[in-house]
Amino acid sequence: MSIPPSTALRTGYAEVIGDPIAHSKSPLIHGFWLGKLGIDADYRATHIEQDALADYFTRRKADPDWRGCNITIPHKEKALDHVADRGGLRESIGAINTVLRDEDGVLIGTNTDAAGFYAPISAMDLQDVSVAVIGAGGAARAVLFALKRADVGSVMLFNRTPMKGAALLAAFGLKGEALPLDAPLPPASLLVNASPLGMVGQDAYVPDLESLPEAAVVYDLVYAPLETELLAAARDRNLATIDGLEMLIGQAAIAFELFFGEPAPREDDDELRELLIA
Ligand code: NAP
């Protein structure tokens, strides 16, 4: 997708829509970057219920100040009914998290989660390696999409309902196996927790990490809390870790550039992370 010239995009507003929406970190992230770059635009949170989605897109399409929106729970799938799906996302990730209006006024749906997930591991050569993924929900779909594009060797998918995991592996054309959550981990080079386990209010996910090689990376998509029991256990074993804020900030940065035409100032990530965990 081509990004329009930046000067035209330094005004107006973008937003995140969802139901509920008060929990969203997106206004803080985008507001931080707008401030750093001195862009005189706004990024807000807007509460939209499911039956108001069609009307929302009709109104925003006609609003010249609107730069686009991010989409969060529970609209990530339903929003596909209201936008052009040029990337074939309905059949792959099955969800969108960003909507933009193109030069012809057409609303385009896209998904920045897969690229946001992949950015911190882009230096890893995933060909011929085995990756363990926990979960088979929306986040797992974005992870599998990215792993498939990175030509990953095989994926062992651990899920409470293994059948769902098997269906996902088949849908993405990935080699591997679907297993129950309590099955032992393989000697995977990368372990990704893409399930809600470990989140505030959920059970922890603390598998036996002994089978992972010394050079393995443990990547937890959960960011509340930031230090999950899984990441703590991985650090105890001196394994490299990546926390959920990496993906959260990464997917937002891609959307930010699409909305406002300038790259997010990632050199300020440390300050942004401080704000997000305060
Ligand atoms: P989701 O669609 O609700 O996840 C569903 C998956 O979680 C299914 O595989 C389900 O198993 C499993 N699951 C749910 N409750 C479980 C339980 N009590 N015990 C065992 N398995 C359980 O959620 P999601 O949208 O994929 O998000 C997953 C996590 O990723 C969340 O913590 C979310 O915050 C995080 N996330 C982070 C980012 C980021 O930018 N860092 C982005 C997206 C998501 P069944 O198939 O058996 O039902």
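Two strands are counted as paired if DSSP finds at least two bridges between them. Strands (E, at least two residues) and helices (H or I, at least four) are DSSP runs numbered from the N terminus. The model is predicted: local features need pLDDT of at least 70, side-chain atom pairs count only at pLDDT 80 or more, and totals for chains, interfaces and linings use all residues. Residues are numbered from 1 along each chain as its sequence is written, and side-chain values use heavy atoms, without hydrogens and water.

Six strands form an open sheet in the order 8-7-6-9-10-11, with parallel pairing. Strand 8 (176-179) and strand 11 (240-242) are the edges; each has a single partner strand, so one side of each lacks a neighbour in the sheet. Strand 9 (190-193) and strand 10 (217-220) run parallel and are joined by four bridges. Valine 192 has tyrosine 219 of strand 10 as its bridge partner.

The domain assignment (automatic or from a database) gives domain 1 (5-111 + 247-277) and domain 2 (115-242). Their centres, taken over C-alpha atoms, are 26 Å apart. Each domain brings 11 residues to the contact (heavy atoms within 4.5 Å). About 960 Å² is buried between domain 1 and domain 2, with 76% from carbon and sulfur atoms. Buried area is the accessible area (1.4 Å probe) that two parts lose on being put together, summed over both. Ser92, Ile93 and Met247 supply 55% of the area that domain 1 buries against domain 2.
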